Amino acid sequence: MTYSTLIIGGGPAGLTAACFCAQPAIVVERLASPARKLAATGGGRCNLTHATDVAGIMAAFGRQGRFMAAALNAFPPDAIRDFFDALDIGTQADPDGCVFPVSQRATDVCQALEQAARDTGTELRCGVRAERLLLATDDEATDTPRVIGAVTSHGTLHARRVILATGGQSYPMLGADGSGFALARDIGLTVTPPLPALAGLHTLESWPATLSGIVLEHAALRLDVPGHPKAWLTGPVLFTHKGVSGVPALDLSGTVNSLLAAARDAGQPPPHTVTLRLAGQAGRRAADWRACFETWRQRHGGRALHNLLSGEFPRAFAVALCTLAEAKDLAVARAKKNVLETLASLCAECPIQVTTTESWDRAMVTRGGVALDELDPRTLACRRRPGLFCAGEVVDLDGRCGGYNLTWAFASGRLAGR
Ligand SMILES: Cc1cc2nc3c(=O)[nH]c(=O)nc-3n(C[C@H](O)[C@H](O)[C@H](O)COP(=O)(O)OP(=O)(O)OC[C@H]3O[C@@H](n4cnc5c(N)ncnc54)[C@H](O)[C@@H]3O)c2cc1C
C-alpha cells in the first residue's frame, strides 16, 4: 500500500507529527519503543516547554531562531500546554519559567503522546530502522526528484509524504544516532556538520577538577572571545572531574564547540582552547571585591585571606582562588596591593580555558543538522526534494536549557504533520 504519511522517528517531533498528519500514516521507530529520549528529559520530569511567548522561544535559539516563527506562531507554548491538557497532562511552570507536567513524570507525557498518535489511526512500528530514502525514478532527469518512501530494515514503505524526525546525534542509546543526517545527505541535502551541545565543559586547568562536586549557586559564565557577545549567563556552576557544568556551562557548550571546530578547520596549531570567565558570585565586580578586602583589612587584618573568602564561597573554591592569586595562608593585612588586585579580579571573573566538551554520549542536543535553507519555514518542506519534510532536532537548530528544544520538537512536528 501507499501511505499518505511515513514518519521516520518516534520521538516527540515524530509522534506530534502523527497527531496532525494525513492518514493513513505510519511511524517507524528504530528502538523497541518510542520516545525513549522524551522519557529521560528534565531528569525524568520532562521540561516540556517554557512559560514565554514566541519571541522568547526564538531568542533561546540565537540568530537561527527566526526560522521557527511560522511553526511557533501556529503552536506557541500556551497552545502546547493546552494540547497536553486535552490529553489529561496538566502542566505547571516553575518560578524560572520551566514548564513540567503536574505529575512530574516524563513517562506520562510519553504515554499520552503515543496514545494520541495511535488514536488518530497512525500505525506505529518499532524495531524498524529507515536505511535509505526512496526517490521517484521517473523524476530523476529533473533537478527535483520526489521522495516517495523509505527502505527500512524490514522492507520498503511507500508514502505520498515522508517526515524525517530522526532527532540529532546525541545520547545515541536513547535512539538518535545521526542516521537521519546520513539519510538527508544521501539524497543530496546539505547537513551542517553536527557538534555536541548542552554538554559539560572540559578545562585545560586542572584546579576545577580538584573541586569536583562543588556548586557555586549564584555564579555566572561568559565567553571571552573577540567578536562574540560578552553577556554573562547566570545560574549554578558545578565543578566536575573534567571541568565545569551547570546551566550556564551547558548553554555555552554549543558555541564553544563551534569555535573549537573553526580553529581546527582554520589549521590553527593545537592546543585549541576557548577562554571563558567565571564569576563566583554573579554581578559582583572587581571593584566590589576590592572594597570588601579593604573592609577585611581594617576589621580582620590578622586573618588569612582564604579563611575570610570562605565566608563568601565554598571553602575549596576560596582556597583555589587564593592559590591562583598566590595569597593562600596570607593574612589580609600582609597582602600586597597587586596580590589583592589579582584576587579581586579572579573573584569577579576568573579565566578558564576550555579544551573540549563532553561527547555525544553525554551531550543533550546536537548543534548542526539539515541546513535551514534546504527547508521552507512555512511548511518545513524540503525545497529541493518534494515530498520530504523535516521536524525536530534533525533540523539545524539548538536552543538553551529550559524546555526550548522540546518546544521546537512539538511545534515543528505539528507543522510538518499539517
Ligand atoms: C538527557 C536529556 C535530557 C533532556 N531534557 C530536556 C528537557 O527537559 N527539555 C527540553 O526541551 N529538551 C530536553 N532535551 C532535548 C530533547 O530531548 C530533544 O531536543 C528532543 O527529544 C528532540 O526530539 P526529536 O523528536 O527531534 O528527536 P528524538 O527525541 O531524538 O527522537 C528521534 C527518534 O527517531 C528514532 N530514529 C532515529 N533514527 C532512526 C532511523 N533511521 N529509523 C527509525 N527511527 C529512527 C530514534 O530512535 C528516536 O526515537 C534533553 C535531552 C537529553 C538527552
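Strand 1, helix 1 and strand 2 together form a β-α-β unit, and the unit is right-handed. Before I go on, please keep in mind that what we are looking at is a predicted model.

Let me start with strand 2, which covers residues 25–29. Strand 1, residues 2–8, runs parallel to strand 2, and the two are joined by four bridges, with leucine 6 standing opposite isoleucine 26. Strand 2 is also joined by four bridges to strand 6, residues 123–126, and this pair is parallel as well; here valine 27 has leucine 124 as its bridge partner.

How many of the five residues of strand 2 are buried? Five of the five are, so the strand is largely enclosed by the rest of the structure. In a regular strand, side chains alternate between the two faces of the sheet. In strand 2, Ala25, Val27 and Glu29 point one way while Ile26 and Val28 point the other way, and all of them are buried.

Now to the backbone on either side of this strand. Alanine 35 counts as buried because it has 26 C-beta neighbours inside 10 Å, where the cut-off for buried is 20 or more.

A cis peptide bond, with omega about 0°, joins proline 270 and proline 271, and proline 271 lies in the loop between helix 9 and strand 15.

Finally, the ligand. Which of the 40 residues around the ligand come nearest? They are Gly9, Gly11, Gly167, Gly175 and Gly392. The elements that give two or more residues to this shell are helix 1, strand 2, helix 2, helix 7 and helix 14, which brings us back to helix 1 and strand 2 of the β-α-β unit. By class, the shell is made up of 18 nonpolar, 16 polar and six charged residues.

Note on methods
Residues numbered from 1 in each chain as written. Predicted model: local features only at pLDDT ≥ 70, side-chain atom pairs only at ≥ 80, totals over all residues. Near = placed C-beta within 6 Å. Nonpolar A, V, L, I, M, F, W, Y, C, P; charged D, E, K, R; others polar. Buried ≥ 20, exposed ≤ 12 C-beta atoms within 10 Å, placed from the backbone. Pairing = 2+ DSSP bridges. Right-handed = clockwise from strand over helix to strand, strands pointing away.
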